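Please work through the following exercises with the structure in view. Each task is followed by a solution in steps.

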Amino acid sequence: MEKIIIYLEAIKGLSKDLHYETKGQAFYGNHLLMDRIHDHLDDYQDEIKENYFMYNEKSVPTHKTIIQNTIEMLPADDLDTQAKMGILNELIKTAIYHIEQTIKDDKNLDAGDSDLLGRISSTLKNDSALLGRVLL
């Protein structure tokens, strides 16, 4: 579950960077799409921390640990916006993969945890589909 939080943080950070970098004819739509991708992830991270970690009396990953692990996932600043959007889409797809593997493999998940992960996966799939249209 910590890995999922780390992926969500990387997606959140990169989408906010792209929110400020977009320009050109598609600026407004891309600007709003990056906001959309970013905005729901805080709530999902919080739900994972409270429902999975705190409820099961497990140590909650610290923000420092999350950020340290996120840095390696983020692209170089000198890449163009289109390349960064491609990386964002790959991060989203990788997060979906890890979420679905966790649902399948983690026998300690209860119905609420599985539901939460399913909602996150569904939201990310929608984001990836929209981002894929931008990348065409």
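The model is predicted: local features need pLDDT of at least 70, side-chain atom pairs count only at pLDDT 80 or more, and totals for chains, interfaces and linings use all residues. Residues are numbered from 1 along each chain as its sequence is written, and side-chain values use heavy atoms, without hydrogens and water.

**Exercise 1.** Determine how many helices and strands the protein has.

*Solution.* Helices (H or I, at least four residues) and strands (E, at least two) are DSSP runs, numbered from the N terminus. Counting them gives six helices and zero strands. Along the sequence, the pattern is therefore written α-α-α-α-α-α.

**Exercise 2.** Compare the radius of gyration of the protein with that of a compact globule.

*Solution.* The radius is taken over C-alpha atoms, and the globule rule is 2.2 Å times the number of residues to the power 0.38. For 136 residues the rule gives a value near 14 Å; the protein has 15 Å, which agrees. Along the principal axes, the C-alpha atoms fill a box of roughly 50 × 30 × 20 Å.

**Exercise 3.** State what fraction of the residues is buried.

*Solution.* Buried means under 20% relative accessible area (1.4 Å probe, protein chains only). Buried residues make up 42% of the 136 residues.

**Exercise 4.** Classify the ring pair of Tyr52 and Phe53.

*Solution.* Rings of Phe, Tyr and Trp (its six-membered ring) pair if their centres lie within 6.5 Å; planes under 30 degrees apart count as stacked, over 60 as edge-to-face and the rest as tilted. The count comes to one aromatic pair. The ring centres of Tyr52 and Phe53 are 5.1 Å apart and the planes stand at 85°, so the pair is edge-to-face. Both Tyr52 and Phe53 are buried.

Terms used
Buried means under 20% relative accessible area, exposed over 50%, partly exposed in between (1.4 Å probe, protein chains only).
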